[in-house]
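Look at the sequence and the structure first, then read the points below.

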Amino acid sequence: QEILLKALMDLILESPKSCAEFENKNGMKWAREIIVDYYTRTEEGWLLGCMVKVLTVVAKENPTPGGLSRSYCLEVHYKIGAEKSREEWFVKIPKSLQTVSMDERELVMYNKIFPRLQVFLSESLFEDQNVDLPIPIIFASSFQGNGVHDCLVTENLCANKYFQVDKDTTKLAYMRAAMTSLANIHGITFSFMKSLGGKEQLLAEFPTIKEQLLPDSQDLKTVFNETIQPFLHYLARIQPDIAQQTQVLAKFHKFLFKVFIDLENKSELKKLRTLVHGDAKLDNFLFKEADDDSDTFTSMIIDWQGCGFDLVSNDLMWCLYGFIKNLPETGDMIHGFVEYSLEIYWEALEH
């Protein structure tokens with residue numbers, strides 16, 4: 001397993017930067033190197049690299065790109081000897097060096113952290129079962145921070161019947177799938193962190209993961225207290241879907257900094273800090289209907305640029321808000337939805 005991890009980290013390729021570059025001879029050579037590397041890492045004793053030939057690469061720009069990366073959907077046709085195959089890839093390439101720190105976090109997650117967690121999951125937690133993290137298959141991941149050799153290649157989940165849900169959804173089956181995926185990530189990381197010896201060892205092992213803490217500064221407190229109320233009013237104007245919530249917070253703006261500090265220093269809550277996605281809104285979940293039940297779904301979590309070490313409530317808040325903002329009533333209905341959601345999360349976390 002250690003050899004496979006090292007191989008993943010050692011693959012460094014110059015990334016194509018347009019559909020035409022993916023489809024030309026250099027792009028086909030790039031795709032071939034990824035295929036050979038992937039099979040070498042994942043198939044024990046695989047020695048057929050010399051027989052791999054890429055036939056065509058069809059590239060399309062992602063119709064819904066993110067703000068930090070250029071992204072492409074690739075259809076790669078190739079053969080190993082006489083046997084023809086096809087892969088559907090999703091490729092992300094950092095848009096500029098200005099976003100390098102965010103890009104580095106995600107690429108290191110895929111390049112180093114997720115492979116380590118998968119090994120731990122397979123060898124320490126579920127030795128006799130085939131259990132995977134709720135993330136797409138990683139075909140290649142490289143980060144050099146130079147804008148040339150930075151690239152992430154995963155399976156194209158949409159080509160495998162995964163989909164994004166409507167932003168107005170309140171469907172409980174989607175909520176259960178999302179809560180289960182978050183519980184899996186959080187729970188595995190809790191166990192992995194314990195196996196290393198604790199938080200300090202985890203953060204030392206993966207220095208790109210930063211603990212989300214407020215700086216201990218009187219100047220920061222002054223700036224925060226002076227600017228938080230106008231910021232919340234501004235946020236209500238540019239994000240009308242959360243205007244009600246931000247206006248309520250604005251009424252209590254004098255107490256918010258103390259609330260943040262109290263949450264940060266509460267010893268009981270420190271036990272609930274782990275690796276979090278950091279931007280776990282519904283847009284960053286892709287869902288797929290289970291084969292045996294039309295009202296049961298699984299979900300994958302994508303876009304890990306905002307990951308960090310924080311309270312699990314960071315992810316739970318982002319995710320649950322995507323549902324509760326669409327509920328037709330307030331009060332008891334929202335409380336009931338949140339309570340039921342947290343029960344689902346806790347049950348999944350225990351298992």
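Helix α11 and helix α12 cross in a right-handed sense. This comes from a predicted model. A second pair, α7 and α8, crosses in a left-handed sense.

**Helices α11 and α12**

- Helix α11 covers residues 313-324 and helix α12 covers residues 332-350; their axes come within 11 Å and cross at roughly 135°.
- On the α11 side, the contact is made by Leu-316, Leu-320, Phe-323 and Ile-324.
- On the α12 side, the contact is made by Ile-334, Phe-337, Val-338, Ser-341, Leu-342 and Tyr-345.
- Of the residues in the contact of α11 with α12, 9 are nonpolar, 1 is polar and none is charged.

**Helices α7 and α8**

- Helix α7 spans residues 218-238 and helix α8 spans residues 243-251.
- The two helices pack at an angle of about 165°, and their axes are 8 Å apart.
- Helices α7 and α8 are therefore roughly antiparallel to each other, since the cut-off for this class is an angle over 145 degrees.
- From α7, the residues Gln-229, Leu-232, His-233, Leu-235 and Ala-236 take part in the contact.
- They meet Ala-243, Thr-246, Gln-247, Leu-249 and Ala-250 in α8.
- The residues of the contact of α7 with α8 divide into 6 nonpolar and 4 polar, with no charged residue.

Terms used. Residues are numbered from 1 along each chain as its sequence is written. This is a predicted model: local features need pLDDT of at least 70, side-chain atom pairs count only at pLDDT 80 or more; totals for chains, interfaces and linings use all residues. Side-chain values use heavy atoms; hydrogens and water are left out. Axes are lines fitted to C-alpha atoms, for helices over the stretch in contact, and angles run from 0 to 180 degrees between N-to-C directions. Helices (H or I, at least four residues) and strands (E, at least two) are DSSP runs, numbered from the N terminus. Angles under 35 degrees count as roughly parallel, over 145 as roughly antiparallel, 65 to 115 as roughly perpendicular and the rest as oblique. A crossing is left-handed if the near helix is turned anticlockwise from the far one by less than a right angle, and right-handed if clockwise. Contact means heavy atoms within 4.5 Å. Ala, Val, Leu, Ile, Met, Phe, Trp, Tyr, Cys and Pro count as nonpolar, Asp, Glu, Lys and Arg as charged, and the others, Gly among them, as polar.
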